Amino acid sequence: MRKFAMAAVGGTLAGALLTTQVAGPLLAQEAERNVNIYEQLDLFGDIFERIRAQYVEEVDEEELIEAAINGMLTSLDPHSSYLSPEDAQDMRVQTRGEFGGLGIEVTQEDGFVKVVSPIDDTPADEAGIEAGDFITHVDGESVLGLTLDEAVDLMRGPVGSEIVITVVREGRDEPFDVTIVRDTITLTAVRTRVEGDTVVLRVTTFNDQTYPNLESTLAEAIETHGGPDSVNGIVLDLRNNPGGLLTQAIAVSDAFLDKGEIVSTRGRMASEGDRYNAEPGDLANGKPIVVLINGGSASASEIVAGALQDHRRAIVVGTKSFGKGSVQTVMPLSQDGAMRLTTARYYTPSGRSIQALGISPDIVVQQPAAVPADEDEADEGASAVINNRSESSLRGALDNDSLTEDEIRQIEEDQAAAEKSAELREEDYQLAYAIDILKGLSALGPEARRVAAEELAGDDESAESDEDAGAEAQ
């Protein structure tokens, strides 16, 4: 009994010693850290009061505080920021698919505003603004040294008003000015057309309209073309799509997947992660899919491309995507403002982080530069005449008497379709390449088509680092 008592006393003493030597210093450090935080807050209050009292001009206290809050958030990463009540309302309007502006998604790099992508059929797109352009001046005023929000504010203005932006573009020796007339930007989330036997789904953004648009227009296109058996596959064009709502990226991915993980998010704490899985049902009825991406494909676009690529459901073609793999949560604040805070990272089903690396295409296809307008058209025409010579053009050539009129008509129709496809290469080489892949796959049997698709998708899984940047709509 005495030994038990001694052991109990010894345990109590050891516990007290451990508390004194370990827990004590930790509590002291925490208390010291709290004191330092309160001292810093006192310092902030002191600076605030001195500015109010002694700055050379009278200041707006609310603007000062907003600037301090925004400075704290923007110091974290390019995507975290404070949204004033007006900005928060603009963001809510934008996610519904209509807002005023130029029609570009921008980020900030090296102090300048960088275009992530122009939005289809908007003033910026029609004025020739390209992904990767740098905007250095707005109406002659330099944006160097401004925050992204401040630069964006310079570009905003009444619908119908004119703005001149100075652009620096890779491959051009000198900056040049572009005049744009501001307009109401109405986003058509999904545009659908049929090229030959291929349905092309052009997804321009991920807002509340994206999945409903995709579902309805895809069904209509397939039905108009004669049903699923008449379609050889689908091209999902995500080029220059700057992203948008996570829920819509998941819905679009789920539209073509029967099962499996679509995307996962991982936050600071293990408990803050989420996984999103596909549900049964495939709007494409198992038809082959080619996804087109480029350096303007960001965020939600990368989630879709990564999910379909990892599940070998699609072949990804084009150039490496932007590499925005972080999750921003918009948190409402008092006085109708909001805070956009980076809270997690995106991961593809195979566990790849999108952040800064982007999605590497299975097949790299560059979009050729436009042919110069001053090219010698006479030489081009002469070349076309020479290249179009064939046996049938020779004087006295024999007729083909082994085919029926219907067979000859079918051959001529097939030839016309092939020539139309060739014309598309002049307009959009990457899209034509994607359609050619689907044509090749449709010529194979089901098993050979499956093997070929897997081999194509597995050719290139390398990923190179890309700039870490985010996008903001303007």
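A residue is called buried when its relative accessible area is under 20% and exposed when it is over 50%, and whatever falls in between is partly exposed. In this model, which is a predicted one, aspartate 139 has a relative accessible area of 47%, and therefore counts as partly exposed. Aspartate 139 sits in the loop that links strand 5 (134-138) to strand 6 (141-142), and its phi is positive, at about 50 degrees, although the residue is not a glycine. Most residues other than glycine have a negative phi. Alanine 356 is another non-glycine residue with a positive phi, in this case near 70 degrees, and it belongs to the loop between strand 18 (338-347) and strand 19 (363-364).

Threonine 107, which is part of strand 3 (residues 104-109), is buried, with a relative accessible area of 0%; its C-alpha lies 9.7 Å from that of aspartate 149, from which threonine 107 is separated by 42 residues in sequence. Serine 264, placed in strand 13 (residues 261-267), has a relative accessibility of 2% and so also counts as buried. Leaving aside residues up to four places away in sequence, serine 264 touches Asp274, Arg275, Arg345, Tyr346 and Tyr347.

We turn next to a pair of helices. Helix 7 (residues 246-254) packs against helix 8 (residues 300-310) at an angle of about 25 degrees, the two axes being 9 Å apart, which means that helix 7 runs roughly parallel to helix 8. The crossing of these two helices is right-handed. From helix 7, Leu246, Ala249, Val252 and Ser253 meet Ala300, Ile303, Val304, Ala307 and Leu308 of helix 8, and by class this contact comprises eight nonpolar residues, one polar residue and no charged ones.

In soluble globular proteins, nonpolar side chains tend to be buried together. Here the largest nonpolar core has 41 residues, of which Leu201, Leu214, Leu236, Phe256 and Val291 touch the most other members, and helix 8 gives the most to this core, with six residues. Phenylalanine 256, again not counting residues up to four places away in sequence, has contacts that include Leu201, Leu214, Leu236 and Leu308, and also Asp282 and Arg313.

Definitions and conventions: Residues are numbered from 1 along each chain as its sequence is written. This is a predicted model: local features need pLDDT of at least 70, side-chain atom pairs count only at pLDDT 80 or more; totals for chains, interfaces and linings use all residues. Side-chain values use heavy atoms; hydrogens and water are left out. Axes are lines fitted to C-alpha atoms, for helices over the stretch in contact, and angles run from 0 to 180 degrees between N-to-C directions. Helices (H or I, at least four residues) and strands (E, at least two) are DSSP runs, numbered from the N terminus. Angles under 35 degrees count as roughly parallel, over 145 as roughly antiparallel, 65 to 115 as roughly perpendicular and the rest as oblique. A crossing is left-handed if the near helix is turned anticlockwise from the far one by less than a right angle, and right-handed if clockwise. Contact means heavy atoms within 4.5 Å. Ala, Val, Leu, Ile, Met, Phe, Trp, Tyr, Cys and Pro count as nonpolar, Asp, Glu, Lys and Arg as charged, and the others, Gly among them, as polar. A nonpolar core is a set of buried Ala, Val, Leu, Ile, Met, Phe, Trp, Tyr and Cys residues joined through side-chain atoms within 4.5 Å. Buried means under 20% relative accessible area, exposed over 50%, partly exposed in between (1.4 Å probe, protein chains only).
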